Amino acid sequence: MRAYVPSYELVSPANLNEALDLLAQNDGGWKPFAGGTDLMVLLEAGKLPYRQYVNIWNLKELRGIEVNDAKVRLGALTTYTEVQADPIVRAEFPMLCRAARETGGIAIQNRGTLGGNIVNASPAADSPPALLAYDAELELISKSGARTIPYSKFHRGYKQMDLRADELLSAIYLPRVPANRLQYYRKVGTRKAQAISKVCFASVAEVHHNEITQVRIALGSVAPIPIRCEKTEAMLASQTLNDETIELATSTLAAEIAPIDDIRSTRDYRVRVSLNLLRDFLARAGVFTSH
Ligand SMILES: Cc1cc2nc3c(=O)[nH]c(=O)nc-3n(C[C@H](O)[C@H](O)[C@H](O)COP(=O)(O)OP(=O)(O)OC[C@H]3O[C@@H](n4cnc5c(N)ncnc54)[C@H](O)[C@@H]3O)c2cc1C
């Protein structure tokens, strides 16, 4: 049942400082409200947990995509539509573009933000596996200053994050990807559009003469948080790709993931799909060369 709207408070600060002032008050009573695509669902269901919200949508400090020689900085309020429209992101980060294209429908893509997707912290979200495979960093800001952490250290448990109540996620940094990397992203859901993932797989690899020299593999919906599969990555590093390596990699991945049965899928299906996607990725790596 829809919540009683007048019992909620939404304040629109004029700038980032005012927003951070509010977040620092009231012992974490104020919560950020970005595109609202996750929060409005909770409101409609009568399950919106907090009463006081800071509308950050208009904070220009959290917007925009900037590029330097080493990194791309995406403001936390970057929408899925903006991700897909940016020429550098399209060229170097096709997995993120694909995640954006496969997130919800057009209305959600116009309003939903990368920052909201990260902090909502659903293990089934679509951009986190791509961001993990790109080795993203997060910039977190509060009245006491900014700090930067690897995204791989951000999620600590189901809906548990390295984010204080007085902090905002301000930006996502992506190290630029050389053109010679193999990038592989697959979202497996019930339908081609408007479906939450059953499994989401993202990987980036450097391959020379049938040998994987560097690889990052990340999955969604196979654990309480989106995960980097570091054991599988370590097992594959500097290995020649042959049937034996691929089988060893799949058994390593099988031991590394721990999906559950839930409303969207079963544990067994998720394991099987994850291993098939790893095999498909490695088969492509076998015929790919990073010149
Ligand atoms: C119909 C529908 C379809 C959807 N389909 C998909 C899908 O296919 N794949 C998918 O991954 N998601 C999907 N979503 C979920 C949602 O659209 C995304 O998670 C979206 O990116 C959330 O962004 P937002 O800006 O709307 O977040 P909001 O709803 O504004 O906020 C979400 C959470 O993040 C916090 N937050 C937001 N921004 C910040 C910030 N900068 N700093 C700190 N905290 C912050 C808020 O306090 C809140 O807890 C769907 C949602 C709907 C309603």
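Figure 1. The model is predicted: local features need pLDDT of at least 70, side-chain atom pairs count only at pLDDT 80 or more, and totals for chains, interfaces and linings use all residues. Residues are numbered from 1 along each chain as its sequence is written, and side-chain values use heavy atoms, with hydrogens and water left out. Strands β1 and β3 pair in the parallel sense over three bridges. Two strands pair if DSSP finds at least two bridges between them. Strands (E, at least two residues) and helices (H or I, at least four) are DSSP runs, numbered from the N terminus. Strand β3 also pairs with β2, in the parallel sense, over four bridges. There, Pro32 stands opposite Val54 of β3. Gln52 and Val54 point one way from β3. Tyr53 and Asn55 point the other way. All four are buried. Buried means under 20% relative accessible area, exposed over 50%, and partly exposed in between (1.4 Å probe, protein chains only).

**Figure 2. Strands β2 and β3 are part of a β-α-β unit with helix α2.** Helix α2 covers residues 39-44. The unit is right-handed. A crossover is right-handed if, with the strands pointing away from the viewer, the path from the first strand over the helix to the second runs clockwise.

**Figure 3. Helix α1 has buried residues along one face.** The helix covers residues 16-24. Leu16, Ala19, Leu20, Leu22 and Leu23 are buried here. Seen down the axis of α1, its buried residues fall within an arc of 160°, so they line one face of the helix. The arc is that of the directions from the helix axis to the C-beta atoms. These buried residues pack against strands including β1 (9-11), β2 (30-33) and β3 (52-55). Strands β6 (137-142) and β10 (168-175) are also among their packing partners. Asn15 caps the N-terminal end of α1. A side-chain oxygen of Asn15 lies 3.2 Å from the backbone nitrogen of Asn17. Asn26 follows the helix, with a positive phi near 65°.

**Figure 4. Strand β5 pairs with both β4 and β10.** Four of the five residues of β5 (residues 71-75) are buried, so the strand is largely enclosed by the rest of the structure. Three bridges join β5 to β4 (residues 65-67), and the two run antiparallel. They form a hairpin with three residues between them. Glu66 has Arg73 of β5 as its bridge partner. Five bridges join β5 to β10, again antiparallel. Here Val72 has Leu174 of β10 as its bridge partner.

**Figure 5. Ser197 makes a side-chain polar contact with Asp126.** Ser197 lies in strand β12 (residues 197-208). At 1% relative accessibility, Ser197 counts as buried. The polar contact between the two side chains spans 2.5 Å. A polar contact is a pair of N or O atoms within 3.5 Å; within protein, one must be able to donate a hydrogen and the other to accept it, and residues adjacent in sequence count only if both atoms are side-chain atoms. Leaving aside neighbours within four places in sequence, Ser197 is in contact with residues including Ala124, Lys187, Val188 and Ser221. Arg264 and Arg270 are also among its contacts. Contact means heavy atoms within 4.5 Å.

**Figure 6. His155 is a buried residue of strand β8.** The strand covers residues 155-157. His155 has a relative accessible area of 8%. A polar contact of 2.6 Å joins the side chains of His155 and Tyr151. Not counting residues up to four places away in sequence, His155 touches Ile118, Ala121, Gln160, Met161, Ile225 and Pro226. His155 and Val119 are 36 residues apart in sequence. Their C-alpha atoms are 9.0 Å apart in space.

**Figure 7. The side chain of Glu233 reaches the backbone of Ile217.** Glu233 lies in helix α9 (residues 230-236). Its relative accessible area is 7%, so Glu233 is buried. The distance from its side chain to the backbone nitrogen of Ile217 is 2.7 Å. Leaving aside neighbours within four places in sequence, Glu233 is in contact with Val215, Arg216, Ile217 and Arg228.

**Figure 8. Cys200 and Cys229 are too far from each other for a bond.** The sulfur of Cys200 is 12 Å from the closest cysteine sulfur, which belongs to Cys229. Both Cys200 and Cys229 are buried, at 0% relative accessibility. A search of the whole structure finds zero disulfides. A disulfide is a pair of cysteine sulfur atoms within 2.5 Å.
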